[in-house]
Amino acid sequence: MLSLYNAINGTSYDNPDDVIVTELEDAIYLGLKGDLSFIVDFRLNIYEHQSTINPNMPLRDLFYFSAQMRGLIELPKLYGSKLVKIPTPQFVVFYNGVRTVEERQIICLSDAFERKTKEPALELKVLVLNINQGYNMNLMSACKKLNDYTIYVAKIRKYVKMNIKLEDAINKAIDECIDENVLREYLLKHRNEVYEMSMFECTDEEIIDAIKESEYDLGHEAGKVEGIEEGHEIGLKEGIEKGIEKGIEEGQLMTLVKLVQTGIITEEQAANNLSISKEEFEKILNEKIARNISE
């Protein structure tokens with residue numbers, strides 16, 4: 001954490017005791033922790049790693065930050081006459097998906113406001129950093145572990161493009177990294193965990209992207225037909241929007257089904273992510289299994 005913090009902020013803290021970890025126990029995405037929250041020098045840092053760009057990160061971070069403050073501050077103090085000091089927040093997303101995005105960008109909470117204003121009464125800015133190979137080289141040179149991680153991911157993708165099976169590509173990348181002193185100690189100690197997490201990340205990203213793209217295309221075509229038949233521009237727009245919405249819903253569902261089938265998460269965790277009962281999810285899972293068998 002300290003190494004990453006120093007690299008981003010240009011600081012040189014070297015005492016691990018300066019770090020106060022503030023992760024929330026229930027901050028879970030698909031059954032796995034995907035956040036990093038800690039305080040250094042009165043700054044609350046909320047870091048997240050993602051393989052897709054999510055425009056809703058500012059709102060998600062707003063909820064997270066509020067929850068953090070509720071845990072750090074005694075409520076009665078807010079009703080006193082003395083100003084309650086809070087840590088200065090910093091929100092960062094580390095992106096390493098397969099789609100090309102700019103080196104760094106800022107996404108704002110105000111982007112989601114229905115009514116735009118020059119001076120929003122509430123704002124939250126998230127810094128998105130592209131950590132794929134070839135991007136943010138100053139950051140990479142300042143944090144070796146982060147740079148090593150980008151090398152590891154790049155190796156997996158290189159072998160997958162060579163039509164090597166994903167599990168073989170991961171093992172080959174791990175072996176090479178160990179030989180080349182890239183994350184060597186960590187990989188030697190946690191090889192199995194790294195392998196399982198890499199399988200999860202790659203599968204999750206591939207499923208979501210593939211389904212979103214296919215559903216978007218279907219929605220786009222349906223929108224064209226609807227728009228032509230009704231002779232209205234709104235037909236095209238609504239069709240596309242419905243296709244995207246359906247793609248997102250189907251992408252989440254299919255990802256959860258895949259994760260349950262591979263044993264990464266439980267049926268109960270999947271049901272909670274969909275806000276449905278365990279019995280309802282079991283029905284969905286059984287229907288998919290039956291459909292696969294018939295196909």
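The questions below set values against definitions.

This is a predicted model, in which local features need pLDDT of at least 70, side-chain atom pairs count only at pLDDT 80 or more, and totals for chains, interfaces and linings use all residues. Residues are numbered from 1 along each chain as its sequence is written, and side-chain values use heavy atoms, with hydrogens and water left out.

Q: How many helices and strands does the protein chain have, and what makes a run count as one?
A: The protein chain has nine helices and eight strands. Helices are DSSP runs of H or I with at least four residues, strands are E runs with at least two, and both are numbered from the N terminus.

Q: What share of the protein chain is buried, and what does buried mean?
A: Buried residues make up 38% of the 295 residues. The label means under 20% relative accessible area; exposed means over 50%, and partly exposed lies in between (1.4 Å probe, protein chains only).

Q: Why is L78 called exposed?
A: Its relative accessibility is 52%. The cut-off for exposed is over 50%, so L78 counts as exposed. L78 sits in the loop between α2 (57-72) and β6 (88-95).

Q: What makes L75, L78 and Y79 a patch?
A: Patch members need over 30% relative accessible area and no salt bridge; nonpolar side chains (Val, Leu, Ile, Met, Phe, Trp, Tyr) are joined within 5 Å, like charges within 9 Å. L75, L78 and Y79 form such a nonpolar patch on the surface, with about 390 Å² of accessible area together. Areas come from the Shrake-Rupley method with a 1.4 Å probe, and for residues only the protein chains shown count as cover.

Q: Why is N163 exposed while N181 is partly exposed?
A: N163 has a relative accessible area of 73%, so it clears the 50% cut-off. N181 has 48%, so it falls in the band between. N163 is in the loop between α4 (144-161) and α5 (166-179). N181 is in the loop between α5 and α6 (184-230). Phi is positive in each: near 65° for N163, near 60° for N181.

Q: What makes the link between R60 and E48 a salt bridge?
A: The rule asks for a side-chain nitrogen of Lys or Arg within 4 Å of a carboxyl oxygen of Asp or Glu. The closest N and O atoms of R60 and E48 are 2.9 Å apart, which meets the rule. R60 lies in helix α2 and E48 in strand β5 (43-50), so the pair ties together parts twelve residues apart in sequence. R60 is partly exposed at 34%, whereas E48 is buried at 14%. By this rule the count comes to five salt bridges.

Q: Which salt bridges join K155, E176 and E180 into one network?
A: K155 and E176 meet at 2.8 Å, N to O. K155 lies in helix α4 and E176 in helix α5, so the pair ties together parts 21 residues apart in sequence. E180 pairs with K155, the closest N and O atoms being 3.2 Å apart. E180 lies in the loop between α5 and α6 and K155 in helix α4, so this pair ties together parts 25 residues apart in sequence. Shared partners join K155, E176 and E180 into one network.

Q: Is K155 buried or exposed, and how do you know?
A: K155 has a relative accessible area of 10%, so it is buried by the under 20% rule. E176 is buried too. E180, at 44%, is partly exposed.

Q: What does S198 touch, and what counts as a contact?
A: Contact means heavy atoms within 4.5 Å. Leaving aside neighbours within four places in sequence, S198 is in contact with Y152, I156 and I170. S198 is found in helix α6 and is buried, with a relative accessible area of 5%.
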